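Keep the coordinates open as you read.

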Amino acid sequence: MEINAINNGLRLTSFVPNIQFNNRKNGKVTFGYNLIKKDAFQNNSVTKLFDESEIRNMISSNPEVKKILSEHNIPLRLNMKELQELKIGHCQDTQNVAMDIVKHLPPALKQKVDIKTLKEGALLHDFGKVLIPTEVLNKNSSLTADEHKIMDLHSELGYQLLKNSGVDDNVLNLVRNHHNISDKNGFVPDINLQVLNLADKYAALTEKRVYKDEFSPEKALTIISGEVNSGEIHPFLFNALVKSTQDKVSADMLSNIK
């Protein structure tokens, strides 16, 4: 292989004569003139699904979506602004909390977690809210019983939207059941679903919403502890959440000292 030094960089002339490595242009390091326009790995990320044309294709490919909307007299309207805000806000927060919980789980439980599935499920868990009317999503007071029923549809709508989009079945299960952790009727939530459910709760409590201010970590943990006492949340998961919260508070304190 012939290697020539050009412009303080290296060029591989035997195989790809038009690509320069570490070639400096305007003081910046580049890969030469044949720059890759799009990261190939990005194409495999579920973030690509947060796109209006993708979602319209999802609706076209699954009649069940329109059927659900029709049965509940919900107009077909995409709330893309709200969806994008969820992606970079609550869904990202939920993903971060979920990963922090996993980090502090006992080794035996941690081994049962599917990190890729959990991360994708956390990012997509509220995907169906793109079809929930904004007057329900953004209501600055308590929801009525009928509005609660509409809001609760977001899990099933998210599942139906994503069903034919190539999303893994295990991720789809998280999207569809992230509010369903009851072991009634033979349904037993796996560790991924339980972590997502807890992360979703904590993220929602500690975030500011149109109908409430954000709660402190202490208040959020106090509220969640009630579900631990009632048997709805496993103590091991709650302990992991508490430890992750303590770590974050300690890190913030150290940062302020510096």
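Predicted model: local features only at pLDDT ≥ 70, side-chain atom pairs only at ≥ 80, totals over all residues.

Residues are numbered from 1 along each chain as its sequence is written, and side-chain values use heavy atoms, with hydrogens and water left out.

Start with a packed pair. Two packed helices are described by the angle between their axes and the distance between the axes. Helix H2 covers residues 63-71 and helix H9 residues 154-162. Their axes come within 8 Å and cross at roughly 155°. H2 and H9 are therefore roughly antiparallel (over 145 degrees; angles run from 0 to 180 degrees between N-to-C directions). Axes here are lines fitted to C-alpha atoms, for helices over the stretch in contact. Helices are DSSP runs of H or I with at least four residues, numbered from the N terminus.

Which residues of H2 and H9 make the contact? H2 supplies Glu64, Val65, Ile68 and Leu69. H9 supplies Glu156, Leu157, Gln160 and Leu161. Contact means heavy atoms within 4.5 Å. These residues divide into five nonpolar, one polar and two charged. Ala, Val, Leu, Ile, Met, Phe, Trp, Tyr, Cys and Pro count as nonpolar, Asp, Glu, Lys and Arg as charged, and the others, Gly among them, as polar.

Stay with H9. Eight of its nine residues are buried, so H9 is largely enclosed by the rest of the structure. Buried means under 20% relative accessible area, exposed over 50%, partly exposed in between, with a 1.4 Å probe and protein chains only. The cover over the buried residues of H9 includes H1 (52-61), H2, H6 (115-124), H8 (145-152) and H10 (169-177).

Now leave H2 for the loop between H2 and H3 (80-88), where Asn73 is found. Phi of Asn73 is near 55°, a positive value in a residue other than glycine. At 71% relative accessibility, Asn73 counts as exposed.

Next is H11, residues 191-205. H11 is mostly covered, with 12 of its 15 residues buried. At its start, a side-chain oxygen of Asp190 reaches to within 3.2 Å of the backbone nitrogen of Asn192.

Finish at Ser244, in helix H13 (residues 235-257). Ser244 counts as buried, at 7% relative accessibility. Its side chain reaches the backbone oxygen of Leu241 at 2.7 Å. Leaving aside neighbours within four places in sequence, Ser244 is in contact with Asp100 and His104.

Key
Helix = DSSP H or I, 4+ residues; strand = E, 2+ residues; numbered from the N terminus. Parallel < 35°, antiparallel > 145°, perpendicular 65-115°, else oblique. Expected span 1.5 Å × (residues − 1). Polar contact = N/O pair within 3.5 Å; in protein donor to acceptor, adjacent residues only side chain to side chain.
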